[in-house]
Amino acid sequence: MTEYLEWYKPFPIQEGQTIDFRCDRGFLPANQQTWQRATCINSRYEPEPKCFSNFDHGHFINHYGNKYIEDTGGKCGHPPPMENGDIVDSPKATYFPSETVTYQCQNFYTMEGSPRVTCQNGHWSQTPTCRVSCTASEEDMREHNIRLRWSNRNKIYSEDGNRVEFTCLRGYKPHPNTRSLRANCVDGKFDYPDCIPVYKLHYECKEGFQITNNTIDDTVTCTEKGWEPTPSCE
């Protein structure tokens, strides 16, 4: 049976909250201490509040407090490495069942999955993944004739899965194959939209003639339909 320190809290507790528990006499938590803390993550406690007899951890304690080692199996070795991430805790050579380690991602990486992995029956639970963020640099944007729509910054970092909105540089318009000026960050890369130049011409009528189209100046623009508005002098 497990005795909870925070028994007065209503259950279930909220995501991210913790409880401290201790075990009945003759039993110990996975950390082999009097008390162990568990955190509510993804609707479950990590580590799982469990109590083990003094023999379950591969040791027993006599009446004088001396500890003797006895291999009973179910232990885990060094936690598995994680690409672009590190173990927060100081790693050990051996872990007992229900012991956990915590991972963290390097800068500009986003974690996918639980940051804690647990030793279960001699194996570690699923290790999280660190997904690289995207970088939109001035060089990349200039290559596609775009800039950030809502910012004047020349460089931006975006977490994996986020969406960034761009706009064409002055004098440019979206390429006919560009459906949207928004780009998603996927596996560290943006699928940039493209913009193409907008061509304009200034013209004047011969002596004795004047512009008769609806332009307010002497400028016409090259569009997919041709020059607009159509130059006209009378």
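Me: Hi! What should I know about the model before we start?
Reply: It is a predicted model, where local features need pLDDT of at least 70, side-chain atom pairs count only at pLDDT 80 or more, and totals for chains, interfaces and linings use all residues. Residues are numbered from 1 along each chain as its sequence is written, and side-chain values use heavy atoms, with hydrogens and water left out.

Me: Great. How many disulfides are there?
Reply: Four, taking a disulfide as a pair of cysteine sulfur atoms within 2.5 Å.

Me: Which cysteine does Cys 76 pair with?
Reply: Cys 119, with an S to S distance of 2.2 Å. The torsion about that S-S bond is about 90°, so the disulfide is right-handed. Cys 76 sits in the loop between β8 (67–69) and β9 (85–87) and Cys 119 in strand β12 (residues 116–120), so the link ties together parts 43 residues apart in sequence. Strands here are DSSP runs (E, at least two residues), numbered from the N terminus.

Me: And are those two buried or exposed?
Reply: Cys 76 is buried at 3% relative accessible area, and Cys 119 is buried at 1%. Buried means under 20% relative accessible area, exposed over 50%, partly exposed in between (1.4 Å probe, protein chains only).

Me: Switching over, what is the handedness of Cys 105 and Cys 130?
Reply: Left-handed, because the S-S torsion is about -95°. Cys 105 is in strand β10 (residues 100–105) and Cys 130 in strand β14 (residues 129–132), 25 residues apart.

Me: Where does Cys 134 link to?
Reply: To Cys 185, at 2.1 Å S to S. Cys 134 is buried at 0%, and Cys 185 at 2%.

Terms used:
Helix = DSSP H or I, 4+ residues; strand = E, 2+ residues; numbered from the N terminus.
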